[in-house]
Structures are given as C-alpha cells and as structure tokens.
Amino acid sequence: MDIKITKTAAPAAKPDPSTLGFGRIFTDHMFVMDFNREQGWHDARIVPFERLSIHPASTVLHYGSEIFEGLKAYRRDDGKVQLFRPMENIRRMNNSAERLCLPQIPEEDAFEILKTFVSVEQDWTPSAPGTSLYLRPFMFGNDETLGVHAVHNATFLIIASPVGSYYKEGINPVRIMIEDEDVRAVRGGTGYAKCGGNYAASNRAGERAEQKGYSQVLWLDGVERKYIEEVGAMNVMFKISGEIVTPKLTGSILPGITRKSCIEILKKEGYTVSERLLSVDELEKAMENGTLEEAWGCGTAAVVSPIGELCYKDQVFTVCGGKIGPVTQHLYDTLTGIQWGKTPDPFGWTVEI
Ligand code: PLP
Ligand code: COI
C-alpha cells in the first residue's frame, strides 16, 4: 500500500487527561482514501485534520449511506501502544459495507492503514488510568447525484480522539430503561451492521430515557417487542440463577467484539454462557424473584459497565443492590488488564504498534 503522509505544520497541545470525556477532542491528522468503480480504492493519504468538502447531493447526506467502526489504542506501562483485536473490527466493517452496498477494503490493506495511522498519531494515546485513543474508521457513499442505487463513489476515513470514560458514571453502575415503544432494528434490516442509520433511529427513545435520568435504553426485538436485544452502544449480559445469558445474534443485534471477548473469557474459566433468546418477561420475573444476580453492558467505548437499575413500564428494579457484581468486576479487570497490557494476553488479542 502506498500511503502518502503530510504532517501538520501546527501540532496541537495534548489535552489534560482529566478533561477528556468521549469524542470531543481530535488528533492532528486523519486518514483519507477514495473509491470509484474505475480505479477502486486510491489516493490513500494521511493529512492534517480538517473539515471535509462534499457535494450537496452526496449520497450520504440524503440516503444515509454510511458505516463506521470503533476501536481503541491503549498505552502500556512500558510506553508502547497496542490495539485490541483490530482484525475483528476490519471484518465487521466489511460485513457492514456488504450490507449497505459500500465497497469493501481488503483486510491486509485495512490492517496496514490502521497500523500506519496509529503509528503517526501514537503520541496522542494518553497514559492516565482508564484513558485510550479511540479510533473511528468510517466510510460513506459519495456519488454526486440524487438517484437511489448502490454507490459508485465512496470515501473512507479514520479519525482519532483521546478519550476517558464513555459514561459519566465511569465504572459505577448505570441506569437503563427498557424501551417498549420505538425499536432499533429488525431481522433482515441493518441491525447487525454498524451503520449511522441505526443510531439515528435510536435517538428519540434515547432522549426520552435521558429526560427520565437514564443513561441509555435497552432495546426489545422489533417484531414482537418481547426479546431483549442490546443497549444503545453496548451488548448486554445477565447472570440469572448462576447462568450467564446474553441475547443470541439474530441479525438485528450488533455482533460486539467486547461481547465476543467476554464470552471467550468466561467460557475459558468454566462459566456456563448461553447465547439465547431472553424474553423481557423472563427478565422481569428474575428481577421480581431475586434470581437476577448481575447485569452489565459491554462495548468498546463503555468497556464493561454494570447496570445498577432497570426500568420497565415505569417499574424500577435495582440490580445487585445498585453495585458492581463480582462477575462484572472480574470481566472488567480481565479485559482492561489485557487491553492496557497490565496482565498477560493468553488469547493473543493485542497487536503492538
Ligand atoms: N451494540 C451497539 C449498538 C454498539 O454501538 C456497540 C459499540 O460498538 C456495541 C454493541 C459493542 O460493540 P463492540 O464491543 O464491538 O464495541
Ligand atoms: C463503540 O463502542 O465503539 C461505539 O461505537 C459506541 C458509539 C456508538 C459511541
């Protein structure tokens, strides 16, 4: 791959790590690459971070032709920077591209792009506990015409943002509202793809939940509004009477890389993990009779996030006494230990830059 690198003449000062939050500050450079049907992917370049100029008829502005990924670079104690399971993100991005008729990027090229970009921006990876450099690869359809069809032109970018915790609660339990009106996705739709449209469709319910003091909504399936799916930016897991349950991947849920990693960690340690349908009725009963022992969300941005309260049809249930449970804490420690290179990585998940 030929990646042309143009460095900024005016690098920005690095932010105070205590003020990071999530996705508000961006690094000095971005990766950009263009696609058209004649040349394929071309003009791979790393350039100073700047605003984009696009045609007002660009497909993405009208028909939502957009996909994205989210992964992090972590600063280890020895100063080196590492990625966590980047090939999983690359494969999922290509699956999302296939669903939205956007062009795929050969895996080896995407891997080289990611590593090159992170090595250019690696000084931006913060080292304070719990902080990382969030990488946001994204692609959009960029035809300059209003016809509705699979695009002939696309643009792929990677931007990066030094981040702290996603929720203001950090590792403290979050409050989640079970949404029984709006739905996020249906089987056969785009739920399993990481595309912007899924998030646009989520905002109304998210706003309503926030107004009531909840962090995010827990979605039910789009057909019967009966089965638990996932949270706005995380997959969910429950411990019910000793069994660890997580909704199975039916096509309407994002196949989370943190979810997959939690399952692999738990299975290796001998836990029973069931990927199955979990109805909201079953969950409600478990909350009522006290067999719901723990609940947590998992995702790249949120890491492992305990759920301390669930609200369903205006009934409020406290989970695990509103505290972080032992399995949740253990998963958080194991995963973050591997991600930040503080504990050995028996799975071979990390990639050093
Ligand atoms: N579900 C949704 C809707 C998400 O946005 C995310 C975040 O990426 C996840 C689940 C978790 O996925 P991952 O663990 O790959 O970050
Ligand atoms: C991530 O965890 O990477 C996500 O994509 C969540 C995001 C929608 C904020």
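A polar contact here is a pair of N or O atoms within 3.5 Å; within protein, one must be able to donate a hydrogen and the other to accept it, and residues adjacent in sequence count only if both atoms are side-chain atoms. Before we use that, please keep in mind that this is a predicted model, in which local features need pLDDT of at least 70, side-chain atom pairs count only at pLDDT 80 or more, and totals for chains, interfaces and linings use all residues. Residues are numbered from 1 along each chain as its sequence is written, chains are lettered from A and ligands numbered from 1 in the order in which they are written, and side-chain values use heavy atoms, with hydrogens and water left out.

Let's begin with ligand 2. An N or O atom in the side chain of lysine 194 lies 2.7 Å from an oxygen atom of this ligand. Tyrosine 134 also places a polar side-chain atom 2.7 Å from an oxygen atom of ligand 2, while alanine 301 uses a polar backbone atom, 2.8 Å from a ligand oxygen. On its own, ligand 2 has 280 Å² of accessible area (Shrake-Rupley method, 1.4 Å probe), and the protein covers 89% of it.

Who else is around? The residues near ligand 2 (a heavy atom within 4 Å) include Phe22, Phe68, Arg136 and Tyr166. The shell divides into seven nonpolar, two polar and two charged residues; Ala, Val, Leu, Ile, Met, Phe, Trp, Tyr, Cys and Pro count as nonpolar, Asp, Glu, Lys and Arg as charged, and the others, Gly among them, as polar. Domain 1 (4-163) and domain 2 (174-339) each give at least three residues to this shell, with bounds from an automatic or database domain assignment.

Now turn to ligand 1. Of the 17 residues around ligand 1, those that come nearest are Lys194, Tyr199, Glu230, Thr258 and Thr300. A nitrogen atom of ligand 1 is 2.6 Å from an N or O atom in the glutamate 230 side chain, and the side chain of threonine 300 has an N or O atom 2.6 Å from an oxygen atom of ligand 1. A polar backbone atom of isoleucine 257 is 2.8 Å from a ligand 1 oxygen. Taken alone, ligand 1 exposes 380 Å², of which the protein buries 97%.

The shell around ligand 1 is made up of seven nonpolar, six polar and four charged residues.
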